[in-house]
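Here are my notes on this model, in the order I would read them next to the viewer. Have the structure open as you go.

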Amino acid sequence: EQLKMSILQIHRKSDFGLRIPIPYHITVNGRIIGMTQLDNVNIELPAAYYNIGISYIFKIWKFQFSLTGKKDIIVKDNERIDLTFYHKERIWNILFDIDLILWLAELFFELPYPWNFVYKIISNSFFVIWLTRLFLIRDKYFTFDIKYDQLL
């Protein structure tokens with residue numbers, strides 16, 4: 001009896017209705033198998049143990065920077081695995097968006113002294129803390145939810 005291949009369905013969970021579809025790489029056991037901007041991707045896999053990785057890769061000048069996450073899964077014959085990935089950066093994104101709006105507003109009017117100086121210190125400090133945090137969690141940026149279902 002021939003067993004059917006299993007299906008790995010990868011879903012990108014979005015926090016907001018409006019978002020930029022950043023392309024992400026999918027790796028299986030450390031090898032890039034593709035890049036997509038889609039929110040849902042189906043991959044057929046035989047039964048085995050896999051390490052699935054998701055990466056946003058950014059090139060900044062000569063340097064390559066990535067935000068990644070990895071999940072070990074066991075695929076059985078004739079199975080559907082729903083793997084949803086997301087990040088827990090919602091509060092940081094809201095704070096960053098507020099700071100960005102204030103920065104844009106500063107192009108049209110200037111706060112009086114000493115408030116402009118206070119704003120610049122807070123804004124620049126927040127940006128440095130945010131970048132440092134991104135750098136520290138870059139290999140564990142994504143969180144995964146997994147659900148297994150038997151195919152008919």
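1. Residues are numbered from 1 along each chain as its sequence is written. Keep in mind that this is a predicted model, where local features need pLDDT of at least 70, side-chain atom pairs count only at pLDDT 80 or more, and totals for chains, interfaces and linings use all residues, while side-chain values use heavy atoms, with hydrogens and water left out.

2. What is the order of the elements from the N terminus on? The protein runs β-β-β-β-β-β-β-α-α-β, giving 2 helices and 8 strands. The radius of gyration is 20 Å, well over the 15 Å that the globule rule gives for 152 residues, so the protein is more spread out than a compact globule. (That radius is taken over C-alpha atoms, and the rule is 2.2 Å times the number of residues to the power 0.38.) Along the principal axes, the C-alpha atoms fill a box of roughly 80 × 35 × 20 Å.

3. Now burial and surface. Buried means under 20% relative accessible area, exposed over 50%, and partly exposed in between (1.4 Å probe, protein chains only). On that scale, buried residues make up 30% of the 152 residues. The accessible surface comes to about 10,900 Å², with 63% of it belonging to carbon and sulfur atoms; these areas come from the Shrake-Rupley method with a 1.4 Å probe, and for residues only the protein chains shown count as cover.

4. On contacts, meaning heavy atoms within 4.5 Å: of those in the protein with a separation of 6 or more, 70% are accounted for by residues 24 or more positions apart.

5. The largest nonpolar core has 23 residues, and Leu8, Ile10, Ile52, Ile54 and Phe85 have the most contacts inside it. The elements that give two or more residues to this core include strand 1 (6–12), strand 7 (79–87), helix 2 (115–137) and strand 8 (142–150). Strand 5 gives the most, with 4 residues. A nonpolar core here is a set of buried Ala, Val, Leu, Ile, Met, Phe, Trp, Tyr and Cys residues joined through side-chain atoms within 4.5 Å. As background, nonpolar side chains tend to be buried together in soluble globular proteins.

6. Is Ile10 buried or exposed? Ile10, in strand 1, is buried, with a relative accessible area of 0%. Leaving out residues up to four places away in sequence, Ile10 touches Ile26, Asp39, Asn40, Val41, Ile43, Ile52, Ile54, Leu83 and Phe85. For Ile10 and Ile26, 16 residues apart along the chain, the C-alpha separation is 9.2 Å.

7. Ile7 also sits in strand 1, but counts as partly exposed at 26% relative accessibility. Beyond residues up to four places away in sequence, Ile7 touches Asn42, Ile43, Glu44, Glu79, Arg80, Ile81 and Leu151. From Ile7 to Ile98, 91 residues along the chain, the C-alpha atoms are separated by 41 Å.

8. Backbone points to check by eye. The peptide bond from Tyr113 to Pro114 is cis, with omega near 10°, and Pro114 falls in the loop between helix 1 (90–106) and helix 2. Asn29, in the loop between strand 2 and strand 3, has phi near 55°, a positive value in a residue other than glycine; Asn29 is partly exposed at 44% relative accessibility. Trp61 is not a glycine either, yet has a positive phi of about 55°. Trp61 lies in the loop between strand 5 and strand 6 and is exposed, with a relative accessible area of 76%.

9. Next, Gln37, in the loop between strand 3 (31–36) and strand 4. Gln37 is partly exposed, at 45% relative accessible area, and apart from neighbours within four places in sequence is in contact with Arg12, Pro21, Ile22 and Pro23. Phe127, in helix 2, is partly exposed too, at 35%. Phe127 and Gln37 are 27 Å apart in space, C-alpha to C-alpha, and 90 residues apart in sequence.
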